[in-house]
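The sequence and structure come next.

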Amino acid sequence: MTQLAQQFNLIHKIKSLVKKTSSSFFKKHNDFGISETIAKKIQVSAYDLSHGKDKLEVTPPYLDIVEQLHVEDDQIFKAAVYNLTNIALNETRYARSILEAFENVSKQSYRTKEQLDYLKAKINLITKK
């Protein structure tokens, strides 16, 4: 028994030694959260957002697709024309502005004949409806 007690005593001493030395190697940083300057910035931005003007106008989502008409890549161009045609056919309130965008694009000089033919076919489809 005494030998077993000595082994446990030795283990206890090693544990206490490791406990004492590890605290100097692995100091816990006192993390008090965010700093005062960051808290002030958050408060100011929250105040500005709560008292700011509400956005009264909502930009129609098709305008993001209209920007893709100015890309020279054939696949992106055709996909944009296809999607805008579907929007114009389903949402008649956007049809006029989509047709105007199509006509502006048809005046661009860097468009290929195939792209212009595809665009004119879609313009005819929209105007028929």
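Is Glu36 buried or exposed? Glu36 is exposed, with a relative accessible area of 58%; buried means under 20%, exposed over 50%, and partly exposed in between (1.4 Å probe, protein chains only). This is a predicted model, where local features need pLDDT of at least 70, side-chain atom pairs count only at pLDDT 80 or more, and totals for chains, interfaces and linings use all residues. Residues are numbered from 1 along each chain as its sequence is written, and side-chain values use heavy atoms, without hydrogens and water.

A salt bridge here is a side-chain nitrogen of Lys or Arg within 4 Å of a carboxyl oxygen of Asp or Glu. The count comes to five salt bridges, including these:

| Pair | Closest N and O atoms |
|---|---|
| Glu36 and Lys40 | 3.6 Å |
| Glu114 and Lys78 | 2.6 Å |

Glu36 and Lys40 are four residues apart in helix H2, so about one helical turn separates them. Helices are DSSP runs (H or I, at least four residues), numbered from the N terminus. Lys40 is partly exposed at 49%.

Glu114 forms a salt bridge with Lys78. Glu114 lies in helix H6 (residues 113–128) and Lys78 in helix H4 (residues 74–90), so the pair ties together parts that are 36 residues apart in sequence. Asp74 joins Lys78 and Glu114 in a network of salt bridges.

In the remaining tabulated pair, Arg93 is exposed at 62% relative accessibility, while Glu91 is partly exposed at 32%.

Technical notes: Helix = DSSP H or I, 4+ residues; strand = E, 2+ residues; numbered from the N terminus.
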